[in-house]
Every structure is written in C-alpha cells, then in structure tokens.
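Have a look along with me.

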Amino acid sequence: MSSARAPVSGAQSSGARVVLDADAIRRAVLRMAHQILERHAGAAGLLLMGIHSRGVPLARRLARDAAEIEQVEVPTGTLDVALYRDDYAQIGPRPLARTHFPVDAQGMTVILVDDVLFTGRTARAAMEAVIDQGRPAAIELAVLVDRGHRELPIRADYVGKNLPTALHESVRVRLAEHDGVDAVAIEPARRRS
Amino acid sequence: MLRHLLDMRALDADTITTVLDTAEAFGDLAARPIKKVPTLRGRTVCNLFFEDSTRTRVSFEIAAKRLSADVLNFSAKGSSVSKGESLKDTALTLQAMGVDAIVVRHHASGAARQLTRWVDAKVLNAGDGGHQHPTQALLDLFTIRQHFGRLEGLHVAVVGDVLHSRVARSVVQGLQTMSAGVTLVGPPTLLPMSADAWDAEISHDLDPVLGKADVVYLLRVQRERMREQFIPSIREYARLWGLDRRRLGELADHAVIMHPGPMNRGVELTADVADAPNTLIAQQVTNGVAVRMSCLYLMLGGEQREQPAAGDGRSDLSAVARR
C-alpha cells in the first residue's frame, strides 16, 4: 500500500517518471511466478494472498502465470489489513475490504502479494492478519516494487523491481484491473503515508 | 467520521452506506476461528445502562471485545446510581477513569445528547426514552440490504406501537434517508400525533397493507411504557394487529418479517409465524454485532482525544482526568 495511493492527480502530473511499462511489469510478474515455483519445486501447499487493493490483481496474475508455466492451480485469496494496522489511533479508520481465504491457511505456505514494499508496516499487519486465520507453515512476501526505506526488519522474498527512491518521492503503481493501464511511475509528491 | 451516534436524522445516506459497508467486512469475522482483531487495543468502552437490556448490551459488549477494546459494564442496578447519583456525576466519574466511548441507554429522551456536553468520550446512544435507537435502525437497514441487495425503492410496513417506540423513529428515518417507502400501521391511539409529519403513509388497518409490503416490521407492544389505556386488551390487539398464519398467507412471496425484539409471542405475532422461514429476526440479532463493531471502528480511530479549550465550564474532575 503506502505511497502507491498517493496523490491521484493523473498520469501527466509534472515530474512523473515512468520506470516500468506494461511489458516490464508483465515480465517481472512472470519471473516472480517462475521463482516461486522454482523455490517450492511446484505449487503444492502454496496460497497466494493479495493485499488490498493492488496486491489483489498482482496475486491473480501470479496465479495465472503459474498456471501457464506448470498447469497448476494456486489458490488465491484477498487480504485486507486495515484492522491490523498500527496507525489506527493516528490516521483513523480506513475503508474495509473483504478478506477471503479460499482454503484454510493452517499448514500452508502463504505468499503475501503487494504492489510496493516501503516501510514494511503493511507487511507486518498482513502477517498478523494471516496468523489470526490459522498457523501457516511459512509466510513469504512478493512485491512488484521494493522502494526501500524500511522501518521494520522485513524483506521481500520475490521482488519485481528494486527501485531506489528518495523519501519525499512517491511511487505510483497503476494496474489495468484498477486503473485501466499498467505502469509504475516515480512522482515527486511530498505526502508519505 | 462520526463524533457521536445519537440520532438517525444526523446520518446522511453516504454515512449510512459507509457504516453498512464496513459492517459487511466485520460480518466475515464471525466465521473465523479467531473472532478478534487488535484494532481497538488499549481503548475502553463503557456500557452505561440505566434501563434493562440484554441483547443490546451484550451485542455492544461482544462488538467491543471482538475489536480488542476493554469493556466496562455499568448498570444502574447495584451501582451508585441506585444510591442517588445523577447522570452527570456518573458521567464525570467515568470521564475521570478515562473511558474512550460511552454506550448509554437511559429512560429519558435526550440523555445521550446531554452526556456529550459533559464528557470528552464518544457517545453512542443505545436507546434514550421514546426518542432514538440508532444502532437498532442501522442493523435493521443492514439486514434488509443483505436480504434484498438494496434499500432504495423497497416498501416497509412498520406495525404496532409506534407511539412509544424509539426503534420506530430511528428505523423510519433511516429507511427514508435510504429512499425506502414506509407505511405506519396501528391503532390511532398508538400512532404519534405528529405522525402526519413523518412523510410516511398511515393505515389503521393491517390487511390492505400486507400485499404490497416487502418488509413487515413488527414493533413490540411496550406495556411497561403505557400509562393509560391505549388498547382495549392484548387479545384484541393480537386479533387486529398481530401477524398470524392467515395474514402470513397474504404477504407477497418475497416478503420478510422483522422484529427488534424482545418479541411477545401471541401478541405482535403468533408463535408459528415467529418461526416461519421468512422471518429475519435471528439475522437481525447476528448482524447487530457486526453493525456495532462498524460504529465503534468508525468512531474511535484517528486523532487522540480533543483537548477542550480551558474554561469551558467542565468540572475539575474531568480536567484532572485528561492529564
């Protein structure tokens, strides 16, 4: 989440720099799907959980690519972490989305999927949300973009693109399912969330 | 987004929709092995009940606990209230102990609003006299929307003791805000004098209303609030306004029956109708928890408690509590 949902002034906002286009995103997701299958020698026991909102279509794309690579179906669910965030007292309530586990998380290797890894706070909240559903065998993290600036001891297992950024910049991920177009851009926005 | 929850008139359609949408996500929690989320950890919710209530108090208590809030139950019986303490002093005591939200039920209309003038805590009205019961209305709207997929354009017959019913006031206002149609049905003695101003149809006869209603909402006959002879007898009420098997047959096939509880079997509805498959009464109770979680979640986040300006007339007690 994080900076991905920063100012939505439009694609042409001044100073925006596109760092991944649709083809680059497609290749990055495909590579991550290969890496996931390679590391686990297949898809048995895997559960992909897309973190709302843009982790959800990314998880579906990973599942689709995995299905094409090895003709396996990876169960894919959605995870909303708003109730587990550590900034409720400061920021206040956020809109809630549905959490859906297609299978019991107990004993599964849960792969959390998000668009941007930034402070790590969303990933921390997501881990807690998953563990409340049952004790998974392991939890891994797949992100399209790792922009750095971690505030917690968290790293991603699968990264589409490492993107060094300045703190005052904002990474904007747009995905066709949500935004009509695939693109990752760096914008000189000031807001940090 | 919500400072206090006192009155359904204060909620516009967008706010109601947000409460109901949020409640849907909380509804999923009930199906999980761990039905608790850490969101309100460290917050304290006080149930301050000056009137008897089981389902509303328990529902609020479960809602707060599933959000990990600490819950204090304070009922008038067996408390300092029975020793003559006023609402104000009780409120200031709770304030001094640092509660974040007060869920209040009181026999006097306007008690919840009065409370907001004395405390910094968020106040949720759980029923004030004959005035309002907003969380009941919200859970009813949620239940209707869950069943029909919408509220707009539905027709709801609200039957019975409208005069004494805070539930009726809240439900009717909520339905109207969400563009549903309402017919009030009951004997003239049990409809308020001001019912003409409610912008609802009025019928003193139940039978002609049955066929066109999507929802029949039966109100409890509140004998404890009736200080005069409003109806000749309970038997006559049941015959004229009660929902029995014959009347059940007059309903449209898709119509549903609701009741805010506790119901008087044999009065508002016969026992077999209460157990008919097209009643949503059990769902109303279930949904009450999710809707109240939604209200607490939407009200208790964000900026830490506001610091009131100095010299605002609050007692020293509350000033001490804020330090």
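**Where the chains touch.** I began with the contact between the chains, which takes 15 residues from chain A and 14 residues from chain B. I counted two residues as in contact if their C-beta atoms, placed from the backbone, lie within 7 Å.

**Ground rules.** I noted that this is a predicted model, in which local features need pLDDT of at least 70 and side-chain atom pairs count only at pLDDT 80 or more, while totals for chains, interfaces and linings use all residues. Residues are numbered from 1 along each chain as its sequence is written, and chains are lettered from A and ligands numbered from 1 in the order in which they are written.

A reminder to myself: most residues other than glycine have a negative phi, and most peptide bonds are trans. I found a cis peptide bond from A:His52 to A:Ser53, with omega near 0°. A:Ser53 sits in the loop between strand S2 (46-51) and helix H2 (55-70) of chain A; helices (H or I, at least four residues) and strands (E, at least two) are DSSP runs, numbered from the N terminus. In chain B, the bond from B:Gly261 to B:Pro262 is also cis, with omega near -10°.

Next I looked up A:Gln71, which is not a glycine but has a positive phi of about 50°. A:Gln71 is in the loop between H2 and strand S3 (76-79) of chain A. Is A:Gln71 buried or exposed? A:Gln71 is exposed, with 8 other C-beta atoms within 10 Å. The cut-offs are 20 or more such atoms within 10 Å for buried, 12 or fewer for exposed, and partly exposed in between, with C-beta atoms placed from the backbone.

**The sheet in chain A.** I traced five strands forming an open sheet in the order S3-S2-S4-S5-S6, with parallel pairing; two strands pair if DSSP finds at least two bridges between them. S3 and strand S6 (158-162) of chain A are the edge strands, each pairing on one side only. From one strand to the next, the twist averages 25°. Axes here are lines fitted to C-alpha atoms, for helices over the stretch in contact, and angles run from 0 to 180 degrees between N-to-C directions.

Strand S4 (residues 109-117) and strand S5 (residues 138-146) of chain A pair over eight bridges, and A:Leu112 stands opposite A:Leu141 in S5(A). Helix H1 (residues 22-40) of chain A packs on the sheet, touching S2, S4, S5 and S6 of chain A.

**The core.** Which residues touch the most other members of the largest nonpolar core? Of its 147 residues, they are A:Leu62, B:Ile102, B:Val158 and B:Leu296. Such a core is a set of buried Ala, Val, Leu, Ile, Met, Phe, Trp, Tyr and Cys residues joined through C-beta atoms within 7 Å. Helix H11 (residues 281-300) of chain B gives the most to this core, with ten residues. Domain 1 (8-132 + 285-321) and domain 2 (134-280) of chain B both give residues to this core, so it lies between them. Domain bounds come from an automatic or database domain assignment.

**Last stop.** I found 27 Å between the centres of domain 1 and domain 2 of chain B, taken over C-alpha atoms.
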